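I opened the model to look up a few things and kept notes as I went. The entries are in the order in which I made them.

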Amino acid sequence: MQTLEQEVVIGLEVHVQLNKLNTKLFCSCSTSYHEDEPNTHVCPVCLGLPGAMPVINKEAVKFAVKTALALNAEVQPFTVFDRKNYFYPDLPKGFQISQYDNPLALGGYVTIETDSGEKKITLKRIHMEEDPGKLSYKGSITTAKYSLIDYNRSGMPLLEIVTEPVMHSPKEAREFLNKLRIILEYLDVFDGSLEGAMRVDANISLKGGGRVEIKNISSFKGVERALTYEITRQKNLLRRGRKVERETRHFDEANNITVSLRTKEEEQDYRYFPEPDLVPIYTAEIVEEVKGQIPEMPEEKRDRFISQYGISLSKAKILVLDPKMADYFEEVASKVDSKKAARWIVDVLRGELNYRDKDFRYAYERFPPGDMVRVIEYLENEKITDKSAVEIIRTKLDHGGDVDGIIQEKNLFAIDEEEEILNLCRKAVEENPKAVEDYLSGKKNAINFLVGQVMKATKGRADPAECFQIIKKIIDEKN
Ligand SMILES: [Zn+2]
């Protein structure tokens, strides 16, 4: 019998903004528009005004080639831009500059972890294209009476990464996206925290049903939820003997459902043809140039952490999930015990950051590696307790300040217990001359009264037999 997992087939088209570039794909408008007013990062080229000529951003091609190589894809020696024609208000030219017959790269794969071990998600192709503008709706896309258009995003450099239909569950799709995001962040071509940085079209079909495309999902959680909803919807249709129509659907994030948008376009509807205003790109030189610029990838880093720092596989796996967290760890582990560093970073700091919905960029600001080194040193010297260390981390993340200042202010230095008990014993002797006299005159039990005083002061923490000996010694030495 086939399980549900085998009946579901999922493929993804991921649109990644190469938002670490300074300028757009075909003009010199700045890419850092996210904080600015709508329609302030525009020019005749990205507004698609008649006669405006696009010029390819060479850095964008380098970023794209670097990404393709890191995804194990074959960069094609010769690549061409095409016009993809369609009419939509976010696309003022009436066409999008994309790639069709001669994409930048073919093949490639991303390795993900599944419950049954590692799995290679194979890629079909990777191509470059420009981002359209952004439509906003008052309320929801299905009920709004009009749309607002912001062209700041128009002409942003995009990479479209298309997988083969090889995923079999929403969870696998989410794992793939997570891993892709990590690789892109390692390559430093992409900042996933920016709005619209990664958008996904998901194709899903069940055995015996038509292929449904869910367009423009903007969060990983959204992808997982949209696919889960579709599986249920399509299964119910098939179970009742109905057809699953081949169509495009929209994911309504607020209501957690997908809704039908239109029947799916066929490729011929787009009337692709080569973009006459751009020359083809021969990639050999760029490939040679960027080959050496690919940094250590997550799996290599994980293996190095294990051998170089002697930490466990499970800790190493987590540490490499975010390049900033990996850097943080290396800075701390170079100064203190690496296992303690891994434990405090993975189990405590990471948890505290997650709780605040922050990442390690925030840690660098509020609790930099030097602070962690200091806290771990204090722990090693038993100057503070684990509980106090957590309190220092929390206080710094929420209110700033410096480690020593917080320790003083909150009185967090652990008291040296031996010293404390010795002092309390001395005090008991000094404050109870009668008991001392009784003891000296032969009433050995009188010491028990003094021990009782110490027990009371320490709320029972002290060891009575030990106190007896200490007090005896103090009196004997005095007399
Ligand atoms: Zn522009």
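The notes below go from the whole chain to single residues.

**Ground rules.** This is a predicted model, in which local features need pLDDT of at least 70, side-chain atom pairs count only at pLDDT 80 or more, and totals for chains, interfaces and linings use all residues. Residues are numbered from 1 along each chain as its sequence is written, and side-chain values use heavy atoms, with hydrogens and water left out.

**Overall form.** The C-alpha trace spans about 115 × 55 × 50 Å along its principal axes.

I then took the division into domains: domain 1 (4-290), domain 2 (298-375 + 384-409) and domain 3 (417-478). These bounds come from an automatic or database domain assignment. Over C-alpha atoms, the centres of domain 1 and domain 3 are 77 Å apart.

There are 17 helices and 17 strands; both are DSSP runs numbered from the N terminus, helices being H or I with at least four residues and strands E with at least two. Of the 479 residues, 48% are buried. Buried means under 20% relative accessible area, exposed over 50%, and partly exposed in between (1.4 Å probe, protein chains only).

**Zinc site.** Which residues hold the zinc ion? I found Cys27, Cys29, Cys43 and Cys46 as its protein donors, each through SG, at 2.3 to 2.4 Å. Donors are N, O and S atoms within 2.8 Å of the metal (3.2 Å for Na, K and Ca); water is not among the atoms, so sites may look incomplete. The donor spacing in sequence reads C-x1-C-x13-C-x2-C.

The site is tetrahedral because the four donor atoms subtend angles of 103 to 113° around the zinc ion; for four donors the requirement is that all angles lie between 85 and 135 degrees. I also checked cover: cysteine 27 is buried at 12% relative accessible area, and cysteine 29 is buried at 9%.

**Helix H8.** I noted that helix H8 (residues 323-333) is largely enclosed by the rest of the structure, because eight of its eleven residues are buried. Among them are Met325, Tyr328, Phe329 and Val332. The cover over the buried residues includes helix H3 (170-187), helix H6 (298-309) and helix H9 (338-355); contact means heavy atoms within 4.5 Å.

**Serine 205.** This residue is in strand E12 (residues 198-206) and is buried, at 18% relative accessibility. Beyond its neighbours within four places in sequence, serine 205 contacts Glu7, Val8, Val9, Gly210, Arg211 and Gln234.

**Glycine 401.** I placed glycine 401 in the loop between helix H12 (386-399) and helix H13 (403-409). Glycine 401 is exposed, with a relative accessible area of 52%.

**Positive phi.** Asparagine 72, with phi near 65°, lies in the loop between helix H2 (58-70) and strand E2 (74-75) and is partly exposed at 38%. Asparagine 216 has a phi of about 55°; its place is in strand E13 (residues 212-217), and it is partly exposed at 49%.

Definitions and conventions: Tetrahedral: all angles 85-135°; square planar, octahedral: opposite > 155°, others 65-115°.
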